[in-house]
Amino acid sequence: MSTIGFEELINKYTTVLFDCDGVLWRGNELIPGSKEFIDHLRKHNKRLIFVTNNASQSREQYRTKFQKFGLDVSTDEIYGSAYAATVYLKYKLKSKKAFVIGMSGLEHELDTEGIEHIGGTSEEYNKLTTDIDFKGIKDSIDPSVDTVLCGMDLMLNYSKLSHAFSYLENKNVNFVLTNDDSTFPQSAGIFPGSGSLSAPLILASGRTPTVVGKPNKEMLDCILDKNHLNNEETLMIGDRLNTDIKFGQEGGLDTLLVLSGVSKREDIEKENIYPKYILNSLDDLN
């Protein structure tokens, strides 16, 4: 592990992959130095790709967030786990209809690829009540649903979990997670992530889901399908060892850990994941 300066970075790499939460921003607060660093890379004609495990927003919604921070990023430069999961469902699983634990961003990506879905933000699945109609849940099973797809869901409730579980009792129904991050960083601190929300289904069903997001191969395949990367000239920047840094390493990329998000310096030996470079934040490169 070592530090790296801006001149060394621009001379060595033609493409830079970024995680977003904890690297560029925390919640709705831009991390100091991130905009300036991206602007510098643009001036040096570097190819930029933004890779996020956050499945609560679609690529278009993420583009709007970038714009609010004054960052000019195209939809084609954004690879979220919601999009990668949609690509996986359509082209790998040939899925036609999904029961969704997730938010509007995930539903939007499914819509763009013509995959039908129920659950999600639909009002009937988001009523907070202790009067659960268990027989009604079993009777409402839609035989055309072939996949249970789980992402970040701020409206998650017991009824929605019970619907998803009932579909998973059928072993022919696919079980897919957009990502399994245990936590995610916000400006106020660290909170439960998408992986924590899907954990009850894994425990209850006894099934092992396919996880699409970082560090898994499905996310990298999604990027490689549309980009031809030279691994030796590509750098992955992230704030989490077991997703971002592992993702880069398994793809044969150099990696840079920033300490502005989840992972801390003492976690490196604990997790036995060693980035090539380590910095406090992107501001160190300005």
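Predicted model: local features only at pLDDT ≥ 70, side-chain atom pairs only at ≥ 80, totals over all residues.
## Basis

Local features are given only where pLDDT is at least 70 and side-chain atom pairs only at pLDDT 80 or more, while totals for chains, interfaces and linings use all residues. Residues are numbered from 1 along each chain as its sequence is written, and side-chain values use heavy atoms, without hydrogens or water.

## Overall form

The chain has 11 helices and 15 strands, taken as DSSP runs (helices H or I, at least four residues; strands E, at least two) numbered from the N terminus. Its radius of gyration is 19 Å, which agrees with the value near 19 Å for a compact globule of 286 residues; the radius is taken over C-alpha atoms, and the globule rule is 2.2 Å times the number of residues to the power 0.38. Along the principal axes, the C-alpha atoms fill a box of roughly 65 × 35 × 35 Å.

Of the 286 residues, 56% count as buried (under 20% relative accessible area, with a 1.4 Å probe and protein chains only). Among contacts (heavy atoms within 4.5 Å) with a separation of 6 or more, 70% are between residues 24 or more positions apart.

## Nonpolar cores

A nonpolar core is a set of buried Ala, Val, Leu, Ile, Met, Phe, Trp, Tyr and Cys residues joined through side-chain atoms within 4.5 Å. The largest has 30 residues, of which L9, F18, L24, F66 and I237 touch the most other members. Elements that each supply at least two of its residues include α1 (6-12), β1 (15-18), α3 (59-68) and β13 (234-238). Apart from this core lies another of 28 residues, among them I49, A82, V176 and I223.

Beyond four places in sequence, the contacts of L24 include F18, D19, F50, F66 and L282.

## Annotated site

An unreviewed UniProt entry places the feature "binding site" at D19, D21 and D239; such annotations may be inferred rather than shown by experiment. The three positions span 221 residues in sequence, yet no two of their C-alpha atoms are more than 8.1 Å apart, so they gather at one spot. D19, D21 and D239 are in the lining of the largest pocket.

D19 is in the loop between β1 and β2 (25-26) and is buried at 6% relative accessibility. Its side chain makes a polar contact of 2.8 Å with that of K214. D239, in the loop between β13 and α10 (241-250), is buried at 1%. D19 and D239 touch each other, and D244 is in contact with D239 as well as with D19.

Notes: Buried < 20%, exposed > 50% of the residue type's maximum accessible area, 1.4 Å probe, protein only. 1 Å grid on protein atoms, 1.4 Å probe; cavity = no way out; pocket = protein on both sides within 12 Å on 5 of 7 lines; lining within 4 Å. Polar contact = N/O pair within 3.5 Å; in protein donor to acceptor, adjacent residues only side chain to side chain.
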